[in-house]
Amino acid sequence: QKELQIAKQNAGKNQRAALMALKRKKGYLSQINNLSQARLTIDTQITAIEGATTNNQALTSMIEGARTLRALNRNMNVEDVEEVMEDIREQMDVANEISAAIANPLGLDELDEAELEDELNQLVQEEVEAQFNGVAVPTAKLPVAVKPPPVRTEEDEFEALEAEMGI
C-alpha cells in the first residue's frame, strides 16, 4: 500500500521514483506469493508426515497383534478345541438327563394319561356350563337379512358398457 501511494504521488512529477515504487511493490507481492507457496508446501509435508506416522503406528500394532495371537495359538489347536467342545456337549447332556431324572415325580408312573384327560375335559365342561347358566337363549325367529346389491367394480362397468355398445 505504501509503495502504491508513493507511485501515485510521483506519477506526475517524478516518473522514475513512481516506477521504482511500483517495482518494489511488485517485488514485495512476488515475495509474499513465494512465502505462501513455501508455507503450503511445508503444510503438505507436515500432513504427509502425520499420515505416515499414523500408518507406521497402525502397522506396528498389527504386527504386535499378530505376534500375540500366534503366541496364544501355539498352546492350542483345532483338534483340541473340538475335543473340549465335545466333552462339554457330553457333560451338558448328562446334566440334562440328571435334571430330567430329578424332575420326574416318584409314584406317578401308574397314572393313566387317558383317565387324566377325561377328568380334565369334565372339569372344563362343568366350567362352561357354570358360565352360561341362567343365560336366556332367544327362541323368536330372526329376521331375514336383505341382500345388498352386488358391488360393481370398474371392470364390471367396462364390460357392461362394451355389451351396450356391441363391442
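**Helix packing and salt bridges in a predicted model**

At 34% relative accessibility, R24 counts as partly exposed. This residue belongs to a model that is predicted, and its side chain meets that of E3 in a salt bridge, with 2.8 Å from N to O.

**How the two helices pack**

- Helix α1 covers residues 2-10 and helix α2 covers residues 15-73, and the two pack with their axes 8 Å apart at an angle of about 160 degrees.
- Because an angle over 145 degrees counts as roughly antiparallel, α1 is described as roughly antiparallel to α2.
- The crossing in which α1 passes α2 is left-handed.

**Which residues make the contact**

- On the side of α1, the residues in the contact are E3, L4, I6, A7 and N10, and they meet Q15, A17, A18, A21, L22, R24, K25 and Y28 of α2.

**The salt bridge between the helices**

- Side chains of opposite charge can pair when their charged atoms come close.
- The structure holds four salt bridges, and one of them is the pairing of E3 with R24, at 2.8 Å from N to O.
- This pair links distant parts of the chain, since E3 lies in helix α1 and R24 lies in helix α2, 21 residues apart.
- E3 has a relative accessible area of 10% and is therefore buried, as the cut-off for buried is under 20%, whereas R24, at 34%, is partly exposed.

- R39 and D43 form a salt bridge in which the closest N and O atoms are 3.7 Å apart.
- Both R39 and D43 lie in helix α2, where a spacing of four residues places them about one turn of the helix apart.
- E64 and R67 are separated by about one helical turn because they stand three residues apart in helix α2.
- With a relative accessibility of 43%, E64 counts as partly exposed.

Methods. Residues are numbered from 1 along each chain as its sequence is written. This is a predicted model: local features need pLDDT of at least 70, side-chain atom pairs count only at pLDDT 80 or more; totals for chains, interfaces and linings use all residues. Side-chain values use heavy atoms; hydrogens and water are left out. Axes are lines fitted to C-alpha atoms, for helices over the stretch in contact, and angles run from 0 to 180 degrees between N-to-C directions. Angles under 35 degrees count as roughly parallel, over 145 as roughly antiparallel, 65 to 115 as roughly perpendicular and the rest as oblique. A crossing is left-handed if the near helix is turned anticlockwise from the far one by less than a right angle, and right-handed if clockwise. Contact means heavy atoms within 4.5 Å. Buried means under 20% relative accessible area, exposed over 50%, partly exposed in between (1.4 Å probe, protein chains only).
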